[in-house]
Amino acid sequence: WVAELSDTLAAKLARAGLIPERTKEASPETLSAFLDAYIEGRANLKPNTQRNYATTRKYLIDYFGPARLLGEITPGEADEWREALRKKLSAATVSREVKRARQFFRAAVRKRLIAENPFADVSTPAQVNASREHFITIATIGKVIEACPDSEWRLIVALSRFGGLRCPSEHLGLKWGDVDWERNRVTVHS
């Protein structure tokens, strides 16, 4: 907080003409090198998270270029990047990409590679895509259950539709001990 206070005081003194204005030095690290090091340094990533990080990296590199210095990316350019993504991706996907970019640049701030996160104030669109929401009728789910290849698949579909279980995680966690036959109850561990 002392460094932050010092920066604030220096800015006020510079505006008053009492000291020369400080110039922000751009990080000498390139966007590509930083992103590669960040992703590689996260050894505990699950495969899907690795894939998602690689996708966000690709969008950032495609827009800004691999040799762009990390410290030269401005908040205005971060807004423009989001707008470029909006032209080709759904609102929910854009939101996720912006949040990942914000995470990457927050790490750069914490490593003191840049003074501020250019993605910190980039607004994210709603993550709900209402056009994908559909009500599945009992008649339709009945046809799906009939088309299932065996009783295991029929159970998975029925538990998903009528029990509201998330597939596959909550189905795979079920054990016989979770079924209370006397009270007609099933305990689902999320």
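Figure 1. The protein chain exposes about 13500 Å², of which carbon and sulfur atoms supply 54%; accessible areas come from the Shrake-Rupley method with a 1.4 Å probe, and for residues only the protein chains shown count as cover. This is a predicted model in which local features need pLDDT of at least 70 and side-chain atom pairs count only at pLDDT 80 or more, whereas totals for chains, interfaces and linings use all residues. Residues are numbered from 1 along each chain as its sequence is written, and side-chain values use heavy atoms, with hydrogens and water left out. Eight helices and two strands make up the elements of the protein chain, in the order α-α-α-α-α-α-α-α-β-β from the N terminus on; helices (H or I, at least four residues) and strands (E, at least two) are DSSP runs, numbered from the N terminus. Of the 190 residues in the protein chain, 27% are buried, where buried means under 20% relative accessible area, exposed over 50% and partly exposed in between (1.4 Å probe, protein chains only). Among contacts (heavy atoms within 4.5 Å) between residues at least 6 apart in sequence, 54% join residues at least 24 apart.

**Figure 2. Confidence along the protein chain.** The mean pLDDT, the predictor's confidence in each residue from 0 to 100, is 87 for the protein chain, and 89% of its residues reach 70 or more. Confidence is lowest in helix α1 (residues 2-15), with a mean of 64, and highest in helix α4 (residues 75-86), with 95.

Figure 3. Of the 17 lining residues, L155, L159, H171, L174 and V179 lie nearest the centre of the pocket. At least two lining residues come from each of α7 (151-163), α8 (169-172), β1 (179-180) and β2 (185-186), and α7 supplies the largest share, four residues. By class, the lining has eleven nonpolar, two polar and four charged residues, with Ala, Val, Leu, Ile, Met, Phe, Trp, Tyr, Cys and Pro counted as nonpolar, Asp, Glu, Lys and Arg as charged, and the others, Gly among them, as polar.

**Figure 4. Close-up of R100 and the residues it touches.** R100 is found in helix α5 (residues 91-110) and is buried, with a relative accessible area of 13%. Leaving aside residues up to four places away in sequence, R100 touches N52, Y53 and T56. R100 and N52 are 48 residues apart in sequence, yet 8.7 Å apart in space, C-alpha to C-alpha.

Figure 5. In the loop between α7 and α8, which contains P168, a cis peptide bond with omega of about 5° joins C167 and P168. R112, in the loop between α5 and α6 (138-147), has a positive phi of about 60° although it is not a glycine; R112 is exposed, with a relative accessible area of 75%. N184, in the loop between β1 and β2, is likewise a residue other than glycine with a positive phi, near 55°, and N184 is exposed at a relative accessible area of 67%.

Terms used. 1 Å grid on protein atoms, 1.4 Å probe; cavity = no way out; pocket = protein on both sides within 12 Å on 5 of 7 lines; lining within 4 Å.
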